[in-house]
Amino acid sequence: MEPQDPSSLDRLAFSDELFHRMTEGFVLQNHKGEITYFNDATLKILGLTQEELLGVKSTDTMWRTIREDGTPFPGEEHPASVALKTRTSVSEVRMGIYLKSDELRWITINASPTTEGVIVTFRDITQLKNSETQLRKVSERFEFVQSTLKFGIWDWDYVNNKLEWDDFQYKLYGIPKEKFLGAYEAFESTLRGDEGPRVTAELQATFERQGDFATSFNSLNQTTGAPTTIGAAAKCFYNAEGKIQRLVGANWDITEQKRNEEKLIQASKMSSLGEMASGIAHEINNPLTIIQGMAFIIGRLSESEHPEKKEKIAELTAKIGNTVQRIAKIIQALRTFSRNDEADPEDKISVQQVVDETLELCQERMKSHNIELRLPPIPNATILGHGAGLSQCLLNLLNNAHDAILDSESPWIEIKVESDDKNVRIKITDSGNGIPKSVAESLFTPFFTTKAIGSGTGLGLSITKGIIEKHKGTISLDRSCPNTCFVIELPLHRE
Ligand SMILES: Nc1ncnc2c1ncn2[C@@H]1O[C@H](COP(=O)(O)OP(=O)(O)O)[C@@H](O)[C@H]1O
Ligand SMILES: [Mg+2]
């Protein structure tokens, strides 16, 4: 039966069990505002009995009601009262009601005036309200974390190539919201140099192993034009066939961090140079003494007219030439070493040359401390990378070896290079008897040192590890060796 005239509803209701089946509360109030009819859902939602409810008004003191902002909701302002007074409908008003048990229940109310009074319907929205509160709390927490840690969130529907950004992302990349294309290409177009193909390749590799994604890349802020280094991490979602469906990720600015890392590496280079200063003075002083001695002899010889003396002079001048060249080499090695070639493109580098240049900087110092240098022939091997960085790695290892065996009997250091068809291994072994486990565990931790304050920075090995990993290689302590042996492994470059 379809009730047409609202005024006849109260009569119809008694004969219609429809109202009792509803999950919504249904209430009729007369012109005085007294409750004359209600359905079962009403009793259930309000936690009341028939006796408790019949005849009660909205203004009754038994109601303990609040608004969404937590302030009291007076009976004169309840939707039923307003509809009665103003003769107009009121819809979707939210109200909190304390039950007898003190439990707070939330309802949303509609009230329409009839000729005899008012019809009120309402639904229980406690669950919805709770999830809203929960959601609000979570997003408040999230916003706090996001604004403190400064990261943006992206959501990439891979199948349809739809990319969504949150507000922070627009700032990070310098793309105005209204100009954002909403696809991967929008992000890709901000990348500098060869970063685009590299990131794409890294993504493909991630999808192939069905893992999660993490990387960093150089981007150009599209508003300010400032080069920005950005870190990225993402959770990848795959379907049952293992095909990538969606990625949810975060981006954050690591420009400053990168700059500091570079500064740290440069600082540690300078500090290892400092560590070697006396050694380098020695490296240069020896050949200079040789030159000085020879110049003296030449001076004496030039006073004579003998032809064989002239020959002798020629021989000595040649030696001076060689010795000067040796000094030039040392200076060249120093130059290469102290350059910051981080930003340069990768170069083809011969392992032999890196070892030679590094030795230029420290072999005299070893000699002066009676350290025997063992240098088996080095096989032909080329790698791709940065010469100065690799030289710094070797020097760090050689300096550590030097420090460890300085006061021991018949000390030696061996540099041995081996290669197979994929990798080259550079093994630096010293005559020490290995490193105790407790020390070995922290070797590569930044600032870990067992040396006296002022003589060790504790950065050598951690920076070495960083540089080697940038070259896609590994460094480890070979614990099977009875002496102390560090092994650097790097991928070979093949034409
Ligand atoms: N060849 C080695 N023999 C013994 N101990 C070593 C050797 N190389 C490194 N270590 C240990 O590792 C620590 C960390 O080395 P490193 O990172 O280069 O910092 P630092 O040399 O400034 O102490 C050293 O203090 C030392 O205890
Ligand atoms: Mg060191």
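1. A residue is called buried if 20 or more other C-beta atoms lie within 10 Å of its own, exposed if 12 or fewer do, and partly exposed in between, with C-beta atoms placed from the backbone. By that rule Tyr158 is partly exposed because it has 18 C-beta neighbours inside 10 Å, and Val159 counts as exposed because it has 11.

2. This is a predicted model, in which local features need pLDDT of at least 70 and side-chain atom pairs count only at pLDDT 80 or more, while totals for chains, interfaces and linings use all residues. Residues are numbered from 1 along each chain as its sequence is written, and chains are lettered from A and ligands numbered from 1 in the order in which they are written.

3. Tyr158 sits in the loop between β7 and β8, and Val159 belongs to the loop between β7 (151-157) and β8 (162-165); helices (H or I, at least four residues) and strands (E, at least two) are DSSP runs, numbered from the N terminus. Leaving aside residues up to four places away in sequence, Tyr158 touches Ile244, Gln245, Arg246 and Leu247, where contact requires C-beta atoms, placed from the backbone, within 7 Å.

4. From C-alpha to C-alpha, Tyr158 and Val199 are 15 Å apart in space and 41 residues apart in sequence, whereas Val159 and Glu132 are 31 Å apart in space and 27 residues apart in sequence.

5. In helix α5 (residues 79-86), the buried residues include Pro79, Ala80, Ser81, Ala83 and Leu84, and among the elements that cover the buried residues of α5 are β1 (25-30), β4 (90-98), β5 (104-113) and β6 (117-124). Just after α5, Arg87 adopts a positive phi of about 60°.

Terms used. Two residues are in contact if their C-beta atoms, placed from the backbone, lie within 7 Å.
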